[in-house]
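This report looks at charged side chains and the contacts between them. Please have the sequence and the structure open while reading.

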Amino acid sequence: MLNNAKKIGILNIQYTDNYGAVLVAYSLQETIKKMGFEPKTLNYNPKYSVLDKLKTAFFEMYFNRNFWHSIGYHIRLLIDKTNSEHSLNKTEKKKKFQDFRKSFLCLTDEISRNITKLDDLFDIYVVGSDIVWKPIRLISFEKNVYFLKFVSLEKTKIAYAASVGTDDTHRLITLSKKYKRNIANFDFISLRESLNVPFFSKLTAKKTEHCLDPTLLLSKEDYEKIIPINRISKDTSIYLYTLSDSAEIIDFTNILSQKLTCGVYHSSQYTCDISNSIGINDIDGPLEFLEKIKNAKTVITNSYHGVIFSIIFKKDFYAFPRKYLDVRTLDLLKLLSLSHRFLDDFGAGITHTEPIDYASVNVKLGELKEQSTAFLKNALNFTK
C-alpha cells in the first residue's frame, strides 16, 4: 500500500557518470518505494565555477592528501579531450547513463545552483549515500546543498549512510566545529563507514548510527530484473574493473587468468597488457556493469562498488588498494569478515584463490540490512 501522505525527496550525486553513483540513487529510491512511499530524486547537477575549482585544489593541497592525485586526474582529462576515439566512447557511454536515469530514476527538473526553490516540493528530505559529506563540501557552496541548509526547519531531514570519505582523524578534528554546525538541524543521522560513527556522535546529542550503502539493501534478484537478457556466457570470464592504474593488478590478473583459464573483460588502457583479453569495458553503461559482474567467474577491482556488487552477486573477488580511498572498502570488508580479500600484498593474493563462504557472509549482511532498513523506516515514519 502506498503512503501518499508524505512527499519524499532524495539527494545524492547521481549526476556523475559513475556506476556507483547512479546505482546508489536507484537502490535508495527502490528501497523507499518498498516501504510504501513514492520518492523523487532531486536532479541536482552543479555547475562549478573556476573559483570553485581553485578552492578545491587549495583545500586538497592544504590537507596534503589528494592534491597530486587531483592534478594528475585533470591532466589526464586534458589528454583525453585530444583523443578523438576516447571522445566518441565517452559520448556513447554518457548516453547510456542518461538512458539509465531516464528509465529508472524518478527525477525532479534539473537544477544547478538555486536549490532553495526545491524546499516546497517535499515533506521529508533524505541525503545519501556516497561521499556527500566529504570535507571539501564544508567550504564550498555545496554545504548548503548536502547539509540541507535550504530545507525549512519544520521538515524532516535524514542523513542515510552519509560518507566523509576519510579516516584521517586529524583532518576531521580540525573540521569538527564546521561539521557540528552543519549537522545540527538533522533529525536522523547515519554514516556509511562505521569507523566515523564515534566522531559524529561527539558532535550531536542525536543518536548517530551506522547504515549500509543503499546498494546493499536490494537483492541480487532486484538487480536481475533490470539487467538485459544474458549476452555473456556465465562464469567463464574475469571482470577487471579499476578506477586507477596499477601494474600489480595487471600482473595479478594475467596470472589468475591463466590459473582459471578465463578470458578478461577490461578497459582499453590495458589492451597491450592483458594476455587473455576477450572484451573492452570503455563504453559500458550501468546495466552492462551489472551484467558483467553477474556473469563473471571472478572480479578484480579497486572500486568500492565493484566490491559491493561482487558481494551482491556472490562472486569471488579480489580488492586492490586505491590511494586515500580504501577506508570505505576496508570498513565494509571488516564488517563482513572479508578483510582477507583486500590485497595489500600482491604475492599473497595468488595463493588465496579459495571461494568465498557466502553462507557466512550473508548471515552478517542480513543482520546489517535489517538494522539499516529499520533506521530508514523509522526515520521516514517520524512525525515532526
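Is D284 buried or exposed? In this predicted model, D284 has a relative accessible area of 4%, so it counts as buried, the limit being under 20%.

## D284 and its partner

D284 forms a salt bridge with K292, and their closest N and O atoms lie 2.7 Å apart. K292 is buried as well, at 9% relative accessibility.

The model holds 15 salt bridges. One of them joins D222 to K34, with 2.8 Å between the closest N and O atoms. This pair links distant parts of the chain: D222 belongs to helix α9 (residues 220–224) and K34 to helix α1 (residues 19–34), 188 residues apart.

D222 has a relative accessible area of 12% and is buried, whereas K34 is exposed at 57%.

K220 is partly exposed, with a relative accessible area of 22%. E224 is partly exposed too, at 26%.

## The network around R192

Salt bridges link D130, R192, E193 and D213 in a network. R192 sits in the loop between β5 (188–191) and α8 (197–201). With a relative accessible area of 2%, R192 is buried. Its side chain makes a polar contact of 2.7 Å with the side chain of E193.

Notes: Residues numbered from 1 in each chain as written. Predicted model: local features only at pLDDT ≥ 70, side-chain atom pairs only at ≥ 80, totals over all residues. Heavy atoms only, no water. Helix = DSSP H or I, 4+ residues; strand = E, 2+ residues; numbered from the N terminus. Buried < 20%, exposed > 50% of the residue type's maximum accessible area, 1.4 Å probe, protein only. Polar contact = N/O pair within 3.5 Å; in protein donor to acceptor, adjacent residues only side chain to side chain. Salt bridge = Lys/Arg side-chain N within 4 Å of Asp/Glu carboxyl O.
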